[in-house]
Each structure stands twice: as C-alpha cells, then as structure tokens.
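Colleague: I would like to learn how to read this kind of model. Please take me through it one feature at a time.

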Amino acid sequence: MTNAEDLIADLPHTMNLRLETIVGAQQEVAARLGLMDKQLSILVRDVRDMRGGVTRQFAEQDRRLNQLEHRLNGVEQRLDAVEQHLVSIDGKLQQLLDRG
C-alpha cells in the first residue's frame with residue numbers, strides 16, 4: 001500500500017518531468033523549423049536575385065543581337081553594292097577583251 005501511496009504522491013512530479021521532455025522536444029522542433037524558414041527565405045531571395053540577373057542578361061543580349069543584326073544588314077547592303085560594281089566592271093572588261 002505504501003508503494004501505491006508513493007506512486008500517487010510522485011505522480012504530479014513524474015507528469016511534470018514527462019511534460020518538460022515533450023515541451024523540450026517541441027521547442028527543438030520549433031527552433032529547427034525557424035531555421036528552415038530563415039534558410040528558405042534566403043533561398044527565395046537568392047532565386048529572385050538570380051532571376052532578375054538572368055532577365056537583365058537576356059535583355060542585354062537581345063539588345064546586342066539587334067545591334068549586330070542591324071550592322072550585318074548594313075554590311076550586306078555594301079557587299080551587294082560591291083558585287084554589282086564588280087559585275088559592271090567584269091562586263092566592261094569583257095567588252096574591252098571582245099574589241100581587242
């Protein structure tokens with residue numbers, strides 16, 4: 001009977017110890033979740049920064065490609081003019097050779 005009385009008398013202390021263990025485990029989980037939340041926020045910020053950088057890089061590449069295309073069109077027009085001029089010269093040389 002004394003064991004039962006001792007057990008009943010120790011019951012509040014035993015329950016408090018178990019609850020402290022559970023609360024400690026919950027606090028550890030909460031700390032880990034807080035750390036994960038912070039790391040996730042950092043990751044989201046880094047991905048947004050990277051997306052912005054990639055977007056700026058694509059915009060700059062498009063701008064530069066448009067410039068190159070414009071310059072190539074100018075070169076193509078000049079080469080066409082040179083080709084026409086050479087055809088004209090070739091025709092004149094051929095006429096000179098035919099006369100001579």
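Modeller: Start with exposure: buried means under 20% relative accessible area, exposed over 50%, and partly exposed in between (1.4 Å probe, protein chains only). Glutamate 60, at 35% relative accessibility, is partly exposed. The model is predicted: local features need pLDDT of at least 70, side-chain atom pairs count only at pLDDT 80 or more, and totals for chains, interfaces and linings use all residues. Residues are numbered from 1 along each chain as its sequence is written, and side-chain values use heavy atoms, with hydrogens and water left out.

Colleague: How many helices and strands are there in the protein chain?

Modeller: Helices (H or I, at least four residues) and strands (E, at least two) are DSSP runs, numbered from the N terminus. This chain has one helix and zero strands. Its radius of gyration is 42 Å, well over the 13 Å from the globule rule for 100 residues, so the chain is more spread out than a compact globule. That radius is taken over C-alpha atoms, and the rule is 2.2 Å times the number of residues to the power 0.38. Of the 100 residues, 0% count as buried.

Colleague: What do the side chains of glutamate 60 and arginine 63 meet in?

Modeller: A salt bridge puts a side-chain nitrogen of Lys or Arg within 4 Å of a carboxyl oxygen of Asp or Glu. Glutamate 60 and arginine 63 form one at 2.4 Å, N to O. They sit three residues apart in helix α1, about one helical turn. Arginine 63 is partly exposed, at 40%. The count comes to three salt bridges. Another joins glutamate 28 and arginine 32 at 3.1 Å.
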